[in-house]
Amino acid sequence: MHEWSLAEAVLKSSVKEAKKRNLRKLLEVKIVLGELQGIEEEIVKFGLDSLKKGTIAEEADFIFINEKATFKCRNCQNRWTLKEANINEHTIKESIHFVPEVVHSFIRCPRCGSPDFEVVRGRGIYIKEITGEDL
Amino acid sequence: MIDPREVVSREKFAAIKYIIPVVSGKGGVGKSVVSTALSLALADRCKTGLLDLDFWGASAHILLNASNEFPEEEKGILPEEIGGVKFMSVAYYTQDNPLPIRGREYSDAFLELMAVTRWDDTECLVIDMPPGMADPFLDLLQYVKNGNFLIITTSSILSSNIVSKTLKILKELDLKIFGLIENMCLTEDGNSRIRELANSFNVKHLGNIPYYQDLDINLGSWQDFLSTDFFQKIKEISTRLEL
């Protein structure tokens, strides 16, 4: 699954950041999952639990925070949610799952029809916070 | 906030022995056709990939007649293999729709594709770049530290003027340049201005490619593309790349 590579990215980035901060081991990693990308939390968690063995993240807890997706039109300033965007077709959801920016290929501002909008929040995966023990 | 895609993207580029960004600065000089032909030509010599980073004008998928299906998933995304070349493009996900995105969104899509694409044992990655010096070019400079640039120009003064600016930036940053190709030449020897341009930047003039009027009828099937004089010319030029 493609979530595996995202899990790998989260682990490598957390470990790198921990080393930068002189942490001896990682205790907790808070990961935000944006609604737009539709990442399967269970698969990321499974990936992290498998990949963390033998690293300074071996005893870390991975906490997931789900973030709702909202959009803002750069043309008319309208704001709307992913639910309101009403994306139902499976292949479109899959496309956005792989590369969230392709949402611009499929939806427009519901008020003015502009393709020029931003994903204000809830785009994809990022690390919100790491905590650990100092050296 | 830590973006987890940055570390792995850098690692993935760094793990590939030869990265060949095909750039110009100018649009319409044949970067996509050269990139695609070059990747097919190099596939005989080493494990080669082609990454289409021209998200606004993706066209390598047409030249390779890529599948309409999503690439396979296996602990990441496995690029489709076409004619011995591992190929990745955003076109798999736009479903042939326009992609009206700004630079910030371009950078996000660029990182996403790099973070999840498995190039595995690829030794040589050809990158088809969009024209200009905006976010795509700057992202490339930020994440690819081991590039060997290939410069494409036509004989036109409009092209050579813009290409000289691209060369100026690449030289200023002390980046490696494989050389320059003069494309769509109307005379056998090309234009002396282009040779002078290459000399002035101490860059190899790798060759002239004539303007082939019938090339277009052989585009859309990579097998037919291999039989063109254009492809043979690129193959000959590819032997001059020091891999």
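In this predicted model, helix α1(B) passes helix α5(B) in a left-handed crossing. The two helices pack at an angle of about 65°, and their axes lie 8 Å apart. Both α1 (4-14) and α5 (103-116) also supply at least two residues each to the side of chain B that touches chain A, a contact that involves 28 residues of chain B and 29 residues of chain A. Chain A, for its part, is divided into domain 1 (2-67 + 122-134) and domain 2 (70-121).

**Helix packing in chain B**

- Where α1(B) meets α5(B), the residues Arg5(B), Glu6(B), Val8(B), Ser9(B) and Lys12(B) of α1(B) are in contact with Leu111(B), Glu112(B), Met114(B) and Ala115(B) of α5(B).
- Sorted by class, this contact of α1(B) with α5(B) has 4 nonpolar, 1 polar and 4 charged residues.
- A further helix pair is formed by α7 (residues 157-172) and α8 (residues 192-200) of chain B, whose axes come within 11 Å and cross at roughly 5°.
- Because angles under 35 degrees count as roughly parallel, α7(B) and α8(B) are described as roughly parallel to each other.
- From α7(B), the residues Ser160(B), Val163(B) and Ser164(B) meet Arg193(B), Ile194(B) and Leu197(B) of α8(B), and the residues of this contact divide into 3 nonpolar, 2 polar and 1 charged.

**The side of chain B that touches chain A**

- In the contact between the chains, 28 residues of chain B face 29 residues of chain A, and on the chain B side α1 (4-14), α4 (91-94) and α5 (103-116) each supply at least two residues.
- The helix that gives the most to this side of chain B is α5(B), with 7 residues.
- By class, the side of chain B that touches chain A has 17 nonpolar, 4 polar and 7 charged residues.

**Domains of chain A**

- The centres of domain 1 and domain 2 of chain A, taken over C-alpha atoms, are separated by 27 Å.
- Between these domains, 9 residues of domain 1 of chain A are in contact with 10 residues of domain 2 of chain A, and the domain 1 side of that contact has 1 nonpolar, 5 polar and 3 charged residues.

**Sheet β2-β1-β6 of chain A**

- Three strands of chain A form an open sheet in the order β2-β1-β6, and the pairing within this sheet is mixed.
- The edges are taken by β2 (61-67) and β6 (125-134), each of which has a single partner strand, so one side of each is left without a neighbour in the sheet.
- From one strand to the next, the twist of this sheet averages 20°.
- Strand β1 (residues 23-34) of chain A runs parallel to β2(A) and is joined to β2(A) by 7 bridges, and Val32(A) stands opposite Ile65(A) in β2(A).

**Sheet β4-β3-β5 of chain A**

- Another open sheet of 3 strands in chain A has the order β4-β3-β5, with antiparallel pairing.
- Here β4 (79-81) and β5 (117-121) stand at the edges with a single partner strand each, so one side of each lacks a neighbour in the sheet.
- The twist of this sheet averages 30° from one strand to the next.
- Strand β3 (residues 70-73) of chain A is joined to β4(A) by 3 bridges, the two running antiparallel, and Thr70(A) stands opposite Thr81(A) in β4(A).

Terms used: Residues are numbered from 1 along each chain as its sequence is written. Chains are lettered from A and ligands numbered from 1 in the order in which they are written. This is a predicted model: local features need pLDDT of at least 70, side-chain atom pairs count only at pLDDT 80 or more; totals for chains, interfaces and linings use all residues. Two strands pair if DSSP finds at least two bridges between them. Helices (H or I, at least four residues) and strands (E, at least two) are DSSP runs, numbered from the N terminus. Axes are lines fitted to C-alpha atoms, for helices over the stretch in contact, and angles run from 0 to 180 degrees between N-to-C directions. Two residues are in contact if their C-beta atoms, placed from the backbone, lie within 7 Å. Ala, Val, Leu, Ile, Met, Phe, Trp, Tyr, Cys and Pro count as nonpolar, Asp, Glu, Lys and Arg as charged, and the others, Gly among them, as polar. A crossing is left-handed if the near helix is turned anticlockwise from the far one by less than a right angle, and right-handed if clockwise. Domain bounds come from an automatic or database domain assignment. Angles under 35 degrees count as roughly parallel, over 145 as roughly antiparallel, 65 to 115 as roughly perpendicular and the rest as oblique.
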